Amino acid sequence: KRGPSAVQNTPSDLSKKKTIVVFSSDFDKVMAAFVIANGALAMGSDVTLFFTFWGLNALRNKNCEPARKNMIESMFGFMMPRGAEKLSLSKMNMGGMGLRMIKGIMKKKNVASLSELIASAQASGVRLVACTMSMDLMGIKKEEMIDGVETGGVAMYLQQAESGNVNLFI
Amino acid sequence: KRGPSAVQNTPSDLSKKKTIVVFSSDFDKVMAAFVIANGALAMGSDVTLFFTFWGLNALRNKNCEPARKNMIESMFGFMMPRGAEKLSLSKMNMGGMGLRMIKGIMKKKNVASLSELIASAQASGVRLVACTMSMDLMGIKKEEMIDGVETGGVAMYLQQAESGNVNLFI
Amino acid sequence: KRGPSAVQNTPSDLSKKKTIVVFSSDFDKVMAAFVIANGALAMGSDVTLFFTFWGLNALRNKNCEPARKNMIESMFGFMMPRGAEKLSLSKMNMGGMGLRMIKGIMKKKNVASLSELIASAQASGVRLVACTMSMDLMGIKKEEMIDGVETGGVAMYLQQAESGNVNLFI
């Protein structure tokens, strides 16, 4: 819905960079991150999202064959949500019922789904970066994440945040 | 305790704007948001708080007759805390006992209550903005929130954050 | 591993200050805060971490004799984690099993432990500030925290954040 054209309408400058560390894997928090990211893009900002710890799960590809993992990595991989469609609410999840209700309302109110928000963000040029240290700790491999995800460390995050005028941790 | 005079003492300029996204409805986190907001106001900053998702509950009016809602909205409305006095601790809430203990200590140590912090923030000119998309999702209506709350979308948030030098997500 | 020399390599200026409010006592979140803090230091920034509410527990000294406390303070002190080694994961803690797994992986992958990250941050000049209001509420005394921790209020935080170009709330 928001294409690259929206970005071109406004001159983009250094001071308009936005970064968000997506630490959480809660559906509602990841949703908030992408709503802000897409909004900022539409207003002409460069946006980079850094996915770290649990947040990495939002980038997993639900259809992906599990990559080669050791036993502990497989256990973690099995217990953590595989992709944006499998995240839970941070509150009132009620075994998925609360989430289903929220998703129902989103559909009725014509709010873009989380997967749509992610696809739209990628299409418009939001950079999605997976934290390499977290990938190591969680046992999440590059090949099990959605296409177009970059990888990087804390130095890369800080370099982006240095020139960002809005830097959030979610 | 802190009146508008505190704001007038210091020249307010663009670079001194502060924004906080209040995503959480945890008593302790909302408390932290208002302590920072009131502090920033007293030091001469413009402050805008954006209430989104669960955070909206901090703005509900405990005495308000429920607005007209559909069944799902009523369910959510019933299960979520109605106003600042009904929020829970993010940890050690223990069915309200932990919270009661914290509130008891606050009273003893003469720390302003959350409701007082909210009233003081409003009196001094902190802008309280409820996120329209979240209101839609959660089924929270403008008329069931405390007086003086504005409504706005992500574009309004980003406009404020753009000129803010401290932008937090709580 | 990162010494003061890293800081001296890069000229430090006002615009390069970083602040993080460490509100949470979750192992993973405190870890994220110190990874960012140490990274920013190594890149030449001044870094101040403000520990507030549950975050204070990360600064408790595990070997410290309990300071003089009233009954409620003792109860809180007993129930809250005593120091960085006692924190829990925000998710998948599973009675400590998830955390032990993560710590095992960290050791195997040669990732510095949280205690090492804290020591390294202190050695390199990260300022660790405990929020005085939170200390009062939680009953945590200065003498039960690790050496080198400063204390300060919200005004001190805002003063630092005012000249910071990356200000996070974790």
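Predicted model: local features only at pLDDT ≥ 70, side-chain atom pairs only at ≥ 80, totals over all residues.

Reader: What makes helix 4 of chain B oblique to helix 3 of chain C?

Author: The axes of helix 4 (residues 97–108) of chain B and helix 3 (residues 71–79) of chain C cross at roughly 135° and come within 11 Å. Angles under 35 degrees count as roughly parallel, over 145 as roughly antiparallel, 65 to 115 as roughly perpendicular and the rest as oblique. That angle therefore makes helix 4 of chain B oblique to helix 3 of chain C. The crossing is also left-handed, a word used when the near helix is turned anticlockwise from the far one by less than a right angle.

Reader: Which residues make that contact, and how many of them are nonpolar, polar or charged?

Author: Contact means heavy atoms within 4.5 Å. Chain B brings Met97(B), Gly98(B), Met101(B), Ile102(B) and Ile105(B) from helix 4, and chain C brings Ile72(C), Met75(C) and Phe76(C) from helix 3. By class that gives seven nonpolar, one polar and no charged residues. Gly counts among the polar ones, while Ala, Val, Leu, Ile, Met, Phe, Trp, Tyr, Cys and Pro are nonpolar and Asp, Glu, Lys and Arg are charged.

Reader: How do helix 2 and helix 5 of chain A pack?

Author: Helix 2 (residues 27–42) of chain A and helix 5 of chain A pack at about 35°, with axes 10 Å apart. Their crossing is left-handed. Among the residues in contact are Phe34(A) and Asn38(A) of helix 2 and Leu117(A) and Ser120(A) of helix 5. The classes come out as 10 nonpolar, three polar and no charged.

Reader: Why is Leu117(B) called buried?

Author: Buried means under 20% relative accessible area, exposed over 50%, and partly exposed in between (1.4 Å probe, protein chains only). Leu117(B) has 8% relative accessibility, so it counts as buried. This residue sits in helix 5 (residues 114–124) of chain B. Beyond four places in sequence, Leu117(B) is in contact with Met31(B), Phe34(B), Val35(B), Asn38(B) and Ala112(B). Met31(B) is 86 residues away in sequence, yet 8.0 Å away in space, C-alpha to C-alpha.

Reader: And what about Ala119(A), buried or partly exposed?

Author: At 42% relative accessibility, Ala119(A) falls in the in-between band, so it counts as partly exposed. Ala119(A) lies in helix 5 (residues 114–124) of chain A.

Reader: What about Phe53(C) and Met92(C): what are their phi values, and how do you know that they are buried?

Author: Phe53(C) has a positive phi of about 45° although it is not a glycine, and it is found in the loop between strand 2 (47–51) and helix 3 of chain C. Its relative accessibility is 4%, so Phe53(C) counts as buried. Met92(C), also not a glycine, has a positive phi near 50° and lies in the loop between helix 3 and helix 4 (97–108) of chain C. With a relative accessible area of 19%, Met92(C) is under the cut-off and therefore buried.

How values were computed:
Residues numbered from 1 in each chain as written. Chains lettered and ligands numbered in written order. Heavy atoms only, no water. Axes fitted to C-alpha atoms, helices over the stretch in contact; angles between N-to-C directions. Helix = DSSP H or I, 4+ residues; strand = E, 2+ residues; numbered from the N terminus.
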